[in-house]
Amino acid sequence: MKNTGFQRQTRQRSVILDELRRAHDHPTARELYERVQIRLPRISLGTVYRNLERLHEAGMIRKLEYAGQETRVDGDLEHHYHIRCTRCHRLDDVPEITSDLVGQRFEELGGYRVTGHRLEFQGLCPDCRNETGE
Ligand SMILES: [Zn+2]
Ligand SMILES: [Zn+2]
């Protein structure tokens, strides 16, 4: 069978999604591109960007956008919190802290109907603690 443009696009998208789902470090588009490139040597950064946009529009990935930082992507759609290292900007998942309580409290206190919120923890990651002795 001839390799059509459509097939190539589908393959590119599934490799991108696959790499993202197995990443646990919330890569930037550029970091993800470097990993995808190992499997698809001819892919371009622009193609990775475009596919991430499509996947985001389709609700298949999350974008993590913070002022002054390069956008990161997360293949885990379950609501979870993140912790960012203030020194090297590594971003990890925070386990076992659920979001339900936070939204509930606001409704009780202020009469708001909460449709979403952002909460990010900050600190020093284990590597940076080792390096700085803190
Ligand atoms: Zn760090
Ligand atoms: Zn995450």
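This is a predicted model: local features need pLDDT of at least 70, side-chain atom pairs count only at pLDDT 80 or more; totals for chains, interfaces and linings use all residues.
Donors are N, O and S atoms within 2.8 Å of the metal (3.2 Å for Na, K and Ca), and water is not among the atoms, so sites may look incomplete. Residues are numbered from 1 along each chain as its sequence is written, ligands are numbered from 1 in the order in which they are written, and side-chain values use heavy atoms, with hydrogens and water left out.

- D74 and H82 are both buried (buried means under 20% relative accessible area, exposed over 50%, partly exposed in between, with a 1.4 Å probe and protein chains only).

**Zinc ion (ligand 1)**

- C85, C88, C125 and C128 coordinate this ion, each through SG, at 2.2 to 2.3 Å.
- The arrangement is tetrahedral because the four donor atoms subtend angles of 105 to 113 degrees (for four donors, all angles must lie between 85 and 135 degrees).
- C88 sits in the loop between β3 (81-85) and β4 (91-94), and C125 in the loop between β5 (120-123) and α5 (126-132), so the pair ties together parts that are 37 residues apart in sequence.
- Helices (H or I, at least four residues) and strands (E, at least two) are DSSP runs, numbered from the N terminus.
- C88 is partly exposed, at 39% relative accessibility, whereas C125 is buried, at 7%.

**An aromatic pair**

- Y81 and F121 form an edge-to-face pair, with 6.1 Å centre to centre and 85 degrees between the planes (ring centres must lie within 6.5 Å; planes under 30 degrees apart count as stacked, over 60 as edge-to-face and the rest as tilted).
- Y81 belongs to strand β3 and F121 to strand β5, so this pair ties together parts that are 40 residues apart in sequence.
- Y81 is buried, with a relative accessible area of 2%, while F121 is partly exposed at 29%.

Note on methods. Four donors count as tetrahedral if all angles lie between 85 and 135 degrees; four count as square planar and six as octahedral if opposite donors are over 155 degrees apart and all others between 65 and 115; anything else is irregular. Rings of Phe, Tyr and Trp (its six-membered ring) pair if their centres lie within 6.5 Å; planes under 30 degrees apart count as stacked, over 60 as edge-to-face and the rest as tilted.
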